[in-house]
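Dear colleague,

Please find below the structure that I promised to hand over to you.

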There are 6 protein chains.
Amino acid sequence: VSERRRTRRLAELRAPEIVDAVGPGATLVLPVGAVEQHGPHLPLATDLLIADAVCDQLVAARGDELDLWLLPPLAVSRSNEHAWAPGTLWLGPTTLLAVLDDLGRSLARLPARRLLFVNGHGGNSALLAVACRELRLAHGLLTFLAHPFVPPDQGGAPPPDLDGDGELGCGIHAGLDETSMVLALRPDLVDLGAARRAVPEALAANRHVRFGGPVTFGWTSQDLGLDGVIGDPTGATAARGTTLLALAVAALGAACEEIARFELGHAGLASTTEHTSPTGD
Amino acid sequence: VSERRRTRRLAELRAPEIVDAVGPGATLVLPVGAVEQHGPHLPLATDLLIADAVCDQLVAARGDELDLWLLPPLAVSRSNEHAWAPGTLWLGPTTLLAVLDDLGRSLARLPARRLLFVNGHGGNSALLAVACRELRLAHGLLTFLAHPFVPPDQGGAPPPDLDGDGELGCGIHAGLDETSMVLALRPDLVDLGAARRAVPEALAANRHVRFGGPVTFGWTSQDLGLDGVIGDPTGATAARGTTLLALAVAALGAACEEIARFELGHAGLASTTEHTSPTGD
Amino acid sequence: VSERRRTRRLAELRAPEIVDAVGPGATLVLPVGAVEQHGPHLPLATDLLIADAVCDQLVAARGDELDLWLLPPLAVSRSNEHAWAPGTLWLGPTTLLAVLDDLGRSLARLPARRLLFVNGHGGNSALLAVACRELRLAHGLLTFLAHPFVPPDQGGAPPPDLDGDGELGCGIHAGLDETSMVLALRPDLVDLGAARRAVPEALAANRHVRFGGPVTFGWTSQDLGLDGVIGDPTGATAARGTTLLALAVAALGAACEEIARFELGHAGLASTTEHTSPTGD
Amino acid sequence: VSERRRTRRLAELRAPEIVDAVGPGATLVLPVGAVEQHGPHLPLATDLLIADAVCDQLVAARGDELDLWLLPPLAVSRSNEHAWAPGTLWLGPTTLLAVLDDLGRSLARLPARRLLFVNGHGGNSALLAVACRELRLAHGLLTFLAHPFVPPDQGGAPPPDLDGDGELGCGIHAGLDETSMVLALRPDLVDLGAARRAVPEALAANRHVRFGGPVTFGWTSQDLGLDGVIGDPTGATAARGTTLLALAVAALGAACEEIARFELGHAGLASTTEHTSPTGD
Amino acid sequence: VSERRRTRRLAELRAPEIVDAVGPGATLVLPVGAVEQHGPHLPLATDLLIADAVCDQLVAARGDELDLWLLPPLAVSRSNEHAWAPGTLWLGPTTLLAVLDDLGRSLARLPARRLLFVNGHGGNSALLAVACRELRLAHGLLTFLAHPFVPPDQGGAPPPDLDGDGELGCGIHAGLDETSMVLALRPDLVDLGAARRAVPEALAANRHVRFGGPVTFGWTSQDLGLDGVIGDPTGATAARGTTLLALAVAALGAACEEIARFELGHAGLASTTEHTSPTGD
Amino acid sequence: VSERRRTRRLAELRAPEIVDAVGPGATLVLPVGAVEQHGPHLPLATDLLIADAVCDQLVAARGDELDLWLLPPLAVSRSNEHAWAPGTLWLGPTTLLAVLDDLGRSLARLPARRLLFVNGHGGNSALLAVACRELRLAHGLLTFLAHPFVPPDQGGAPPPDLDGDGELGCGIHAGLDETSMVLALRPDLVDLGAARRAVPEALAANRHVRFGGPVTFGWTSQDLGLDGVIGDPTGATAARGTTLLALAVAALGAACEEIARFELGHAGLASTTEHTSPTGD
């Protein structure tokens with residue numbers, strides 16, 4: 001029998017090892033991908049590839065130090081904004097909430113108390129944020145949601161802008177960054193010749209109702225473009241992708257440092273300074 | 001019989017008036033409040049008061065111009081982060097999604113196509129964002145989600161900072177701004193003498209896992225403080241509240257201008273400029 | 001800071017006040033309204049207006065004496081018998097049961113044990129009766145369902161008959177009494193000139209299958225009339241409405257006296273007289 | 001092969017016969033029973049026995065004339081007010097609504113359009129009334145709900161009073177009438193010697209909150225008595241039971257005459273007389 | 001009052017008898033039938049008739065010896081493979097799982113711990129197998145699923161082959177055996193003259209994808225034949241039916257002997273012989 | 001850009017390729033794994049490893065010939081019989097049915113009509129069989145369920161018996177065959193020294209209530225053994241595993257030949273020979 005590679009994958013452990021290996025200080029890392037149309041140039045699995053790669057690299061780089069444990073990825077998630085496109089696989093929101101609740105209930109049997117969703121698909125962000133609270137309440141877990149990059153349609157800042165703003169803040173699906181990362185990871189799956197700029201310029205010109213703006217709106221990718229792209233992939237390069245992936249792994253590693261120290265409850269983050277109002281009646 | 005006041009409340013219309021009054025250009029405005037503990041100094045209805053007031057003022061100021069129609073407020077919503085506190089009323093996430101779906105199905109019978117949630121309770125933001133897409137897909141509505149202020153725990157920028165940052169970006173519940181607004185609206189319901197500073201300073205010191213940071217986390221208000229406050233209400237004033245409410249109404253009015261013009265689909269926001277990738281293989 | 005008006009609205013309390021204010025002897029009063037077509041002469045909000053007004057008056061008149069606490073109204077409820085009409089808002093039965101269960105679970109955190117539904121919409125009666133038992137079982141509450149008037153379609157006696165029977169027992173929707181009450185409350189919202197008699201005379205002639213008869217039947221308002229009215233509003237007057245509202249408040253007040261004394265369980269209403277059967281074998 | 005008895009049981013038909021046999025004029029009759037504690041003297045199946053017997057006799061007496069078709073009984077239903085008692089079988093309300101919806105969907109494939117619930121268990125009444133509307137809306141059926149006797153806890157009149165009012169209007173479970181009917185149907189299952197008077201006298205003295213009163217309340221049989229009886233079975237006789245059963249069959253037969261003629265929609269019961277309001281403005 | 005027949009029907013017991021009668025050693029027997037098209041020659045109730053008859057005979061023959069208690073049959077179940085045929089009544093899978101869960105929860109109040117489904121409808125087998133585990137987990141019951149004959153579409157061996165294999169292993173619906181059993185039980189309901197051979201010969205010729213083969217497949221009876229029969233009923237006789245029923249009762253009786261002794265848990269079937277691996281590293 | 005490897009993974013396709021690539025003749029292959037305790041010697045991912053490996057090899061060997069397309073594996077499934085063990089991840093049955101329904105709805109957008117579940121976890125078999133019919137009905141797919149080996153607890157024959165019957169037909173979880181296959185695939189994950197024989201001999205001695213017997217029963221692995229093993233892994237070898245995997249791939253390949261030809265409906269498997277019954281009355 002060969003020697004087992006040192007593993008940081010939960011599912012590679014044997015049952016009696018688990019309680020010791022995955023202790024109260026561990027953080028469980030769940031890559032959340034998607035299988036959905038990504039325009040004419042990227043594979044359906046784009047978000048899954050990125051989430052998987054980032055998590056693999058994260059756990060390889062920092063797993064022992066930060067006691068990270070990788071869960072099997074959630075490959076299919078909330079992609080119904082692309083439901084119109086053959087090949088898109090999606091779970092409805094109540095199905096996905098039920099899946100996450102079942103996972104939370106299962107994981108709460110472990111000594112580990114921290115669960116981190118690393119979400120590769122912007123369309124999941126709101127629902128995963130909902131789940132973070134539900135799993136905290138229902139199962140007592142400490143739950144966290146991070147992204148390889150904070151998607152602009154969730155109100156976050158755009159990813160590190162390396163070479164301009166040709167996407168007008170709308171590079172949220174199959175655009176410059178995603179395309180670059182897949183070029184870095186699986187260039188054989190990219191047909192860059194088919195890539196077209198598809199920036200919703202009228203939308204980008206809005207002050208309120210736009211990606212990353214103060215007003216969220218419901219949309220499908222069919223609403224926004226002819227071929228399902230939202231962004232401008234034409235300038236994508238593997239080099240940019242490699243840089244973005246490294247930045248993502250570094251940022252997630254830094255986040256995991258905080259997560260490992262994060263506590264809630266009486267011994268945790270409760271405010272300790274309370275001053276009496278000087279204006280009380 | 002007295003003359004009816006000119007109404008912009010949908011529920012005050014009579015059935016045969018509706019199809020003409022609430023036409024394809026109308027925007028339906030749904031105030032979303034909450035009934036939940038707001039610390040020792042604010043009433044349970046704080047979020048409901050604010051959402052109601054902002055919507056009333058918005059519709060009074062801009063309703064005729066922008067064809068806005070007010071729906072009865074959703075008084076009780078997703079407040080389970082305060083479920084531990086007697087007096088908090090809350091709907092579970094699947095219940096609330098079902099309520100919103102039923103409302104969407106009902107409203108889709110109207111000629112109006114635009115539905116705007118004006119959400120006074122930060123704890124609803126993620127779930128309402130989920131609903132925006134679901135109602136777009138299931139019922140064909142154009143859906144929008146705005147806040148009197150974008151709550152920092154949803155990744156948005158903090159509200160206009162008028163006098164400093166004593167809350168360290170954590171004024172998300174019963175803090176300076178909410179307290180000021182209720183002082184402006186219903187001073188009789190505020191006991192400012194009971195207000196205490198309750199800023200989770202350790203949390204605020206985080207770079208990643210904090211309100212408005214790149215990592216979302218699951219929490220209850222019990223996790224974060226002893227009396228359910230997250231922020232520092234001690235400096236609240238009615239004057240500040242009045243200013244904030246006016247800013248919110250103005251911002252929502254500007255948003256409604258965009259919403260009134262907003263279209264999706266072929267005649268809508270689809271990108272019109274597509275360039276061939278120069279680097280295609 | 002101004003002095004708070006003495007409040008009997010739960011949502012106007014501050015969190016630390018609640019446990020003392022809303023004690024074991026309190027009765028929580030939930031107005032249940034509806035937003036649904038009410039023919040050509042009445043506003044959509046008719047049932048909500050009436051439920052709200054009756055509860056307001058009830059609590060104003062008897063709240064301190066009987067320890068009544070008003071909850072925010074449930075504005076939208078089970079109106080799918082009017083689903084065909086644009087403007088009708090409705091929750092499906094499982095959604096509404098879930099809403100009521102969530103409310104019951106929330107309210108069971110209070111020391112108060114009594115919850116009274118004051119239901120302004122006849123179409124809710126059966127479902128609220130279902131919920132009464134469910135909330136008793138699931139959350140241990142003492143639950144009650146009352147109406148401003150017992151609707152004839154629920155098998156009850158008609159409301160006090162003040163001036164004849166022109167509706168043949170069928171005045172269940174937008175008829176004489178509802179119209180009169182809205183005339184008393186919001187005359188500006190009534191277009192009495194549009195009111196038409198719409199009495200289903202063939203139905204009224206039935207002995208079994210009729211409103212208030214021994215056989216209940218499923219119906220929509222589209223099934224029964226051309227414009228959604230079931231009754232004869234033509235003789236409605238504000239004076240009659242004022243009388244009816246006063247009668248309703250008085251009857252509910254008397255009911256609340258009983259409710260305040262009502263107990264279940266060993267110290268409650270269990271029969272105390274048990275006689276042996278003289279005919280036992 | 002023997003000759004088939006002329007059947008009025010749907011499930012005894014062979015598939016190709018069905019479309020002709022169960023035509024548009026037919027009424028489908030579903031006996032709804034219960035299996036639940038019925039005190040020390042009656043069997044669990046009491047409500048099922050009565051519903052079955054009444055339907056059998058109804059169909060035998062009037063089936064050919066009125067084109068009635070018997071469905072297999074629903075033996076287990078909403079008995080959770082007796083859930084505390086071993087032997088009680090019950091479906092939760094959402095389960096039972098789902099069962100009824102599935103049945104409605106199945107039955108809507110038949111040419112028959114009328115479905116009559118004959119409900120032997122008072123605890124089902126509200127939920128079956130809910131289902132009547134839902135099945136009308138979802139499946140287009142004409143739905144009806146009748147009882148062997150209208151239970152007082154549903155607001156109906158008491159059954160024909162043959163010999164006094166010793167139960168004070170509270171004979172709703174295992175009382176005089178149910179016991180008499182089981183004595184008539186299956187005397188071997190009754191232990192009349194164990195029968196005890198169990199009348200909740202304090203409850204009966206209420207004007208509002210009582211069985212058949214204007215205020216419905218949530219209860220379990222454990223709340224109301226020591227042995228699960230609500231009523232006074234001690235005077236029950238088979239003769240009375242025989243009389244009651246005959247009255248029920250006669251009343252249901254008369255109801256089925258109306259049901260057979262009952263129509264909804266434009267050619268149905270819509271009011272035909274509409275008068276202009278003389279008081280319109 | 002007449003003497004009660006000695007009963008083995010749970011629903012004929014009176015409440016106080018139950019705890020003693022249905023003790024920890026008892027097995028509860030639930031006949032599961034179906035109401036669904038059975039071709040031109042058999043009644044809709046075929047599966048219900050067979051399940052009922054087999055259970056009745058089983059309990060009559062072995063009930064006292066093996067402490068068996070008969071529950072009211074589940075008449076309608078998972079028949080959606082015949083949903084296309086008017087007269088078929090069916091519950092969807094989640095409805096049926098909910099019904100079974102509610103029954104399990106109810107039955108778990110009894111001292112009895114063993115529940116046996118005797119399933120007359122092959123289309124239920126997979127779902128009842130799902131329920132066996134769910135009820136074990138949720139309610140602690142010992143659950144069992146048996147069939148009057150193991151249907152070939154569930155991978156079991158065919159029933160005792162008495163006279164050949166004209167059905168090619170495909171006699172799963174309204175074929176030789178079912179027809180024979182109904183001829184034995186209710187010959188008046190069979191129209192043997194309408195019986196036709198309907199054997200899916202191409203399917204039977206498969207090695208993998210066939211009834212009883214290693215690959216299960218989804219099908220409706222409409223997919224497989226013109227009149228809903230799958231098998232060859234033409235040779236059916238009452239004598240064969242009588243033999244099959246007697247064999248089924250005998251086999252179920254033998255199964256119930258094992259069930260009565262069956263235990264799970266520490267004192268149960270846990271393996272007691274554990275040997276160390278001679279090949280461990 | 002490098003040349004893409006010829007792919008048979010659906011998620012590696014780009015959107016515009018899909019409709020042509022995955023045509024009406026294609027079969028979609030979904031590996032269904034599990035993450036659950038597998039005793040002291042096997043990793044949690046055992047079933048997932050096996051399902052993945054078998055499908056990979058199947059598609060590599062026969063994919064082009066038979067037009068097979070691999071879907072991302074379902075890693076977590078119905079493992080609640082091991083819910084007691086930390087590390088087991090599981091979906092409840094209604095969650096899993098919802099996931100499968102969502103997948104079916106998504107896949108039905110493709111031209112492909114055939115969906116094959118290759119199920120590595122015996123505990124899923126019944127539920128996947130339920131889903132086969134549901135997806136056929138709801139989405140019109142041709143659905144199939146196969147196993148690397150037919151698990152004895154599902155009534156199938158045991159896997160090819162290569163060296164005796166030391167497991168008495170009970171090698172269903174972490175036994176000889178599973179252990180051998182993981183030894184072949186990932187020997188580093190196996191601790192054969194920890195393997196112990198755990199054969200439930202009393203159960204195996206049953207004629208009726210046993211794995212693969214005519215009576216199915218509900219169980220958890222805690223019910224059956226001390227360490228979660230059911231079988232005897234002690235004699236496992238990589239060579240046996242390699243043989244078993246090859247046999248599985250061969251058998252699945254042969255099954256896929258049939259699946260590729262399989263049709264339902266009028267042009268499909270409907271019986272074509274119908275004979276008149278000679279014994280009709």
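Helices (H or I, at least four residues) and strands (E, at least two) are DSSP runs, and they are numbered from the N terminus. This is a predicted model, in which local features need pLDDT of at least 70 and side-chain atom pairs count only at pLDDT 80 or more, while totals for chains, interfaces and linings use all residues. Residues are numbered from 1 along each chain as its sequence is written, and chains are lettered from A in the order in which they are written, while side-chain values use heavy atoms, with hydrogens and water left out.

I begin with chain A, whose elements run α-β-α-β-α-β-α-β-α-α-β-α-α from the N terminus on, and which has eight helices and five strands. Chain A has 281 residues, of which 64% count as buried, where buried means under 20% relative accessible area, exposed over 50%, and partly exposed in between (1.4 Å probe, protein chains only). Among contacts (heavy atoms within 4.5 Å) in chain A between residues at least 6 apart in sequence, 76% join residues at least 24 apart.

In chain C, please look at strand 3, residues 114-119, where six of the six residues are buried, so this strand is largely enclosed by the rest of the structure. Arg114(C), Leu116(C) and Val118(C) point one way from strand 3 of chain C, whereas Leu115(C), Phe117(C) and Asn119(C) point the other way. Two strands pair if DSSP finds at least two bridges between them, and strand 3 of chain C pairs in the parallel sense with strand 1 (residues 27-32) of chain C over six bridges, with Leu28(C) standing opposite Leu115(C). Strand 3 of chain C also pairs in the parallel sense with strand 4 (residues 142-146) of chain C, over five bridges, and there Phe117(C) has Leu145(C) as its bridge partner.

Finally, in chain E, helix 4 (residues 125-139) has 15 residues and reaches 20 Å from its first C-alpha to its last, close to the 21 Å expected at 1.5 Å a residue, the expected span being 1.5 Å times one less than the number of residues. Helix 4 of chain E is mostly covered, since twelve of its 15 residues are buried, among them Leu127(E), Cys132(E) and Arg136(E). Just after helix 4 of chain E, Gly140(E) takes a positive phi of about 75°.

With best wishes
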